[in-house]
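My notes follow in the order I took them.

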Amino acid sequence: MEQEILKEYSLNVQEVKLLRHNENMTYKVLAEEGEYVLRIHQTVEGMRLSMLMGELSQEELISGEMQLLECLCQKTDLGIQRPVRNREGQLVTKKDGICATLLEWAPGECVNKQTMDVKQAYKIGAMVAEIHNAAKLTGNIRRYSYGVDMVERMQKVCDTIAQKKEMELPIFLTIQKVLHKINELLEARDKEFVMIHNDLGESNLLCSDQGIIPIDFSLSGTCIREMDLASLFLHFEDKAIREAILQGYNNKTDCPASIAQIDICLGYHLLIFILSQYEMISNQGWFAEALHYWDEEVFQKILRGERIEGKIGLYS
């Protein structure tokens with residue numbers, strides 16, 4: 001299929017290599033004109049993106065992501081991957097009902113948290129602030145909304161899991177209380193939503209000559225600013241690194257982030273991960289132990305109003 005899709009672009013393709021398959025099938029494309037990323041928008045089996053989508057269609061969301069990238073390319077110097085339009089001038093290519101998109105390749109190596117220092121962490125925080133500042137001007141781009149409607153859909157998924165008795169009752173009840181707390185936060189701050197990346201892990205942050213380049217905006221959408229900082233805190237647990245990320249962010253924005261609300265957003269991220277991929281991960285050997293760990297170290301601390309520190313880690 002990837003070869004047929006690439007015929008829709010004005011490229012002399014030399015090589016195509018599958019990189020990974022999660023929410024998309026992602027390929028590296030070598031052509032005479034340069035290097036590119038092809039994404040065929042088919043999720044891996046067991047991943048529940050319908051929980052995230054709401055009433056928007058897949059094509060609307062993908063088109064919105066491409067518009068967002070074009071906007072960020074125009075308004076920032078962050079080295080954002082530029083979308084490539086097909087022969088008909090469209091941002092999204094459809095083949096047999098399946099959507100695909102093509103982006104320019106971003107040079108650089110993935111950030112390595114084992115060798116990261118506070119200087120690099122500060123730059124990452126500043127980069128996130130620049131995304132948020134630029135994204136104020138993106139207009140009515142249609143992307144995921146991580147607001148109260150999303151939490152309501154998550155509660156329904158959680159109820160379905162509980163009805164099947166696939167989750168221990170005490171953990172289920174704790175999760176329901178955390179979802180209620182998340183809902184209260186989002187309801188109180190719904191006028192402050194900005195466009196966020198929402199998936200800022202090591203593999204989506206590249207070190208290059210241009211600085212830190214964020215890639216893969218496929219889960220981007222609107223929410224409070226703290227969601228992106230929570231995404232970083234999920235992956236970078238060192239206290240000094242977290243403080244440098246936060247300092248870099250707060251020094252580049254007129255809307256400083258709240259530590260307490262970052263902690264609540266950590267729980268939100270974990271629950272999006274758990275509930276959107278439950279069918280795929282619930283039978284894996286690591287999951288039961290991880291769920292108990294998250295219950296004790298994240299969910300219960302959120303309910304008690306305690307700081308979340310140390311390793312959280314997604315066990316995928």
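I count two residues as in contact when heavy atoms lie within 4.5 Å. The model is predicted.

**Entry: helix 7**

I used that cut-off to ask what covers the buried residues of helix 7. The cover includes helix 4, strand 9 (194–196), strand 10, strand 12 (221–223), helix 8 (239–250) and helix 9. Helix 7 spans residues 226–235 and is mostly covered, with nine of its 10 residues buried. I noted the buried ones as Glu226, Met227, Asp228, Leu229, Ala230, Ser231, Leu232, Phe233 and Leu234.

**Entry: the sheet**

Strand 10 was in that cover, and I looked up its sheet next. In what order do the strands of this open sheet stand? The order is 7-10-11, three strands with antiparallel pairing. Strand 7 and strand 11 are the edges; each has a single partner strand, so one side of each lacks a neighbour in the sheet.

I then went through the pairings. Strand 7 (residues 109–110) and strand 10 (residues 205–208) run antiparallel and are joined by two bridges. Strand 10 pairs with strand 11 (residues 211–214) over four bridges, also in the antiparallel sense. A hairpin of two residues links strand 10 to strand 11.

Leu206 has Ile213 of strand 11 as its bridge partner.

Helix 4 (residues 118–135) was in the cover of helix 7 as well. I found helix 4 lying across strand 10 and strand 11, at about 50° to strand 11.

**Entry: helix 5 and helix 9**

Two packed helices are described by the angle between their axes and the distance between the axes. I looked up both for helix 5 (residues 148–163) and helix 9 (residues 259–276): the angle is about 50° and the axes are 11 Å apart. That angle makes helix 5 oblique to helix 9. The crossing is left-handed.

Which residues make the contact? From helix 5 they are Met150, Val151, Met154, Val157, Cys158 and Ile161, and from helix 9 they are Tyr268, Leu271, Ile272 and Leu275.

**Entry: helix 6 and helix 11**

On the helix 6 side I listed Ile171, Thr174, Ile175, Lys177, Val178 and Lys181; they meet Leu291, His292, Asp295, Phe299, Gln300, Ile302 and Leu303 in helix 11. This contact divides into seven nonpolar, three polar and three charged residues.

**Entry: Lys301**

I stayed on helix 11 (residues 287–304) and picked out Lys301, which lies in it. Is Lys301 buried or exposed? Its relative accessibility is 16%, and buried means under 20%, so Lys301 counts as buried. I then listed its contacts, leaving aside neighbours within four places in sequence: Glu296, Glu306, Arg307 and Ile308.

Conventions. Residues are numbered from 1 along each chain as its sequence is written. This is a predicted model: local features need pLDDT of at least 70, side-chain atom pairs count only at pLDDT 80 or more; totals for chains, interfaces and linings use all residues. Side-chain values use heavy atoms; hydrogens and water are left out. Two strands pair if DSSP finds at least two bridges between them. Axes are lines fitted to C-alpha atoms, for helices over the stretch in contact, and angles run from 0 to 180 degrees between N-to-C directions. Angles under 35 degrees count as roughly parallel, over 145 as roughly antiparallel, 65 to 115 as roughly perpendicular and the rest as oblique. A crossing is left-handed if the near helix is turned anticlockwise from the far one by less than a right angle, and right-handed if clockwise. Buried means under 20% relative accessible area, exposed over 50%, partly exposed in between (1.4 Å probe, protein chains only). Ala, Val, Leu, Ile, Met, Phe, Trp, Tyr, Cys and Pro count as nonpolar, Asp, Glu, Lys and Arg as charged, and the others, Gly among them, as polar.
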